[in-house]
Amino acid sequence: MALAALLGREPDLDVFSTSWRGAATAARTTRPDVCVADMDSPDAVECVNLRAGEARTGDGRCPEGGGGERAAARPVLLALTTTGRPGPLRRAYEAGALGYLSKNASPDRLVEGIRHVAKGERYIDETLGFGFLQAAEIPLTRRELSVLSLAAEGASVGEIARSLHLSNGTVRNYMAAITRKTGARNRVDAIRISRGAGWV
């Protein structure tokens, strides 16, 4: 809300803020040009459903912020992330983000980023360069990261299966692949390794 209030001081930006839970409804109601999302949020895994150039409806999440004229039905994503955490960068990339900005960037840089992506221009904070290299080395697929993120929150196999519309056996197969790819001994160890690397 503080960020939205700050952005709202810009005369050419109409700004709306919402939680992740209310994001899909807010996106359908306000039809923003730009969505600014905190990819470090535990709920940001939902953002992998976003794709640049697609309408954000249904289960598509499109949180915090937005500006410009509201006629566009296809908002673009400007991802906020922390330097040194490749996991959120990877999620933002797979979500089709057009802009990437460090959460330590100045408000002026944020406004600049919003204006760039609103015009369809890619915007990347130079401080995130090494993070992109690290993100490229994450061994897990998008679906595996989704499974692991839910497991890290304490969800059971059955709960993960229901949440992602998978069978219990498929979830177990994903967990076995995750354990193998991370070099972990078990599920708990895989979560520990992945959290340490900033993947979840």
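Two strands count as paired here if DSSP finds at least two bridges between them. Keep in mind that this is a predicted model. With that in hand, look at Ala37: its bridge partner in E2 is Ala79. Zooming out a bit, E1 and E2 pair in the parallel sense over 5 bridges. They belong to an open sheet of 4 strands, ordered E1-E2-E3-E4, with parallel pairing. At the edges sit E1 and strand E4 (123-124), each of which pairs on one side only.

Now for the helices against that sheet. H3 lies across E2 and strand E3 (99-102), and runs at about 180° to E2. Helix H4 (residues 107-118) packs on the sheet too, touching E1, E2, E3 and E4, with its direction at about 155° to that of E2.

What about the interior? In soluble globular proteins, nonpolar side chains tend to be buried together. In this model the largest nonpolar core has 34 residues, and those with the most contacts inside it are Tyr100, Leu140, Val147, Ile160, Val171 and Ile178. Among the elements giving two or more residues to this core are strand E1 (34-38), strand E2 (76-81), helix H3 (86-94) and helix H8 (168-182). The largest share, 6 residues, comes from H6. This core draws at least three residues from each of domain 1 (1-51 + 73-136) and domain 2 (142-197).

For a close-up, pick Val171: leaving aside neighbours within four places in sequence, Val171 is in contact with Val147, Val157, Ile160, Ala161 and Leu166. There's also a second, separate core of 14 residues, including Leu7, Leu13, Val76 and Ile114.

Note on methods: Residues numbered from 1 in each chain as written. Predicted model: local features only at pLDDT ≥ 70, side-chain atom pairs only at ≥ 80, totals over all residues. Heavy atoms only, no water. Core = buried A, V, L, I, M, F, W, Y, C linked by side-chain atoms within 4.5 Å. Buried < 20%, exposed > 50% of the residue type's maximum accessible area, 1.4 Å probe, protein only. Domains from an automatic or database assignment. Contact = heavy atoms within 4.5 Å. Axes fitted to C-alpha atoms, helices over the stretch in contact; angles between N-to-C directions.
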